[in-house]
Amino acid sequence: MTEQASLRSPLGKAIGLGSAKEGVVHWWRQRLSAVALVPLALWFVASLIAHLGGDRAGLVAWLHAPVPAILMILLVGTVFYHTVLGVQVVIEDYVHHEAAKLTALIVLRLACFLLAVAGIFAVLRLAFGA
Amino acid sequence: MPAAERPLSPHLQIYKPQLTTVLSISHRATGLALSVGTIFLVWWLLAGADSPEAYAEAQGFFGSWLGIILLIGWTYSLFFHLCNGIRHLAWDTGYGLDLPRTYATGWAVVAASAALTVIALIAGFAQWSHA
């Protein structure tokens, strides 16, 4: 391979192309949310099975109780947190066009935030009123 | 771009699929499938928060053939992503990175996710037929 001639010093290249100063933050958050999702996901599947085919009265009675409502809010929040981190890596791996990548990352974050707020709002409405 | 003078890796389809590579890409695929599922989860919760009619409509969709197929797919995806995710967490502590244990835990993930899916489906259909 031929080295391109450059006026930038090795230090300048390192500063320009080096660490994004994020370190292991993304990795760590992905693992932390994964650990939290192990019990939450098992609880979620078991609860859904218990309420299969039920009517709205059953759903309201279930999420009216504090513990299921709290766990469901934690599940929705953690799921979308974990989804952002996971899908972000997939986008960064496969989308190489810079504008498309940036657009996809922005849409991903805003959509997940919107869905998380909507989901938590729905649980609160079921828990407190409706 | 000038042609590289060093050898390049062959394209992905040249490689014979192995348990390790299949499980690796399956972790991504199930993660993406579950990401789509979260949209339906929020739709289901919003329908429940809205009215008995909206909730009945959502329940009707999940009771349809398409809904059942999606739910079975998400059930398997969730259990696979959960089991293989635990395998990843074990790797992160430094456990099981050697080849024999990578294969042993890989087959364990295949078996556990299949077993959990079957258990969930049996419990689900039993509950559904009572409801």
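A: Between chain B and chain A, 6 residue pairs are in polar contact, both residues at pLDDT 80 or more. A polar contact is a pair of N or O atoms within 3.5 Å; within protein, one must be able to donate a hydrogen and the other to accept it, and residues adjacent in sequence count only if both atoms are side-chain atoms. This is a predicted model: local features need pLDDT of at least 70, side-chain atom pairs count only at pLDDT 80 or more, and totals for chains, interfaces and linings use all residues. Residues are numbered from 1 along each chain as its sequence is written, chains are lettered from A and ligands numbered from 1 in the order in which they are written, and side-chain values use heavy atoms, with hydrogens and water left out.

Q: Which helices of chain B supply at least two residues each of the side that touches chain A?
A: Helices here are DSSP runs (H or I, at least four residues), numbered from the N terminus. On chain B they are H1 (19-50), H2 (52-63), H3 (65-92) and H4 (99-130). H1(B) has the largest share, 14 residues.

Q: How many salt bridges does the rule find across the interface?
A: The rule asks for a side-chain nitrogen of Lys or Arg within 4 Å of a carboxyl oxygen of Asp or Glu. It finds 2 between chain B and chain A. A:Arg31 and B:Asp92 form a salt bridge, at 2.7 Å from N to O.

Q: How is the size of an interface given?
A: Often as the accessible area lost when the parts come together. With a 1.4 Å probe and summed over both parts, chain B and chain A bury about 3100 Å², 74% of it on carbon and sulfur atoms. B:Arg28, B:Leu45 and B:Ala49 supply 19% of the area that chain B buries against chain A, more than any other three residues.

Q: Which residues have the most contacts inside the largest nonpolar core?
A: In soluble globular proteins, nonpolar side chains tend to be buried together. A nonpolar core is a set of buried Ala, Val, Leu, Ile, Met, Phe, Trp, Tyr and Cys residues joined through side-chain atoms within 4.5 Å. The largest one has 38 residues, and A:Met72, A:Leu75, B:Trp44 and B:Leu45 have the most contacts inside it. H5(A) gives the most to this core, 10 residues.

Q: Why does B:Thr117 count as buried?
A: B:Thr117, in helix H4 of chain B, counts as buried because its relative accessibility is 8%. Buried means under 20% relative accessible area, exposed over 50%, and partly exposed in between (1.4 Å probe, protein chains only).

Conventions
Buried area is the accessible area (1.4 Å probe) that two parts lose on being put together, summed over both.
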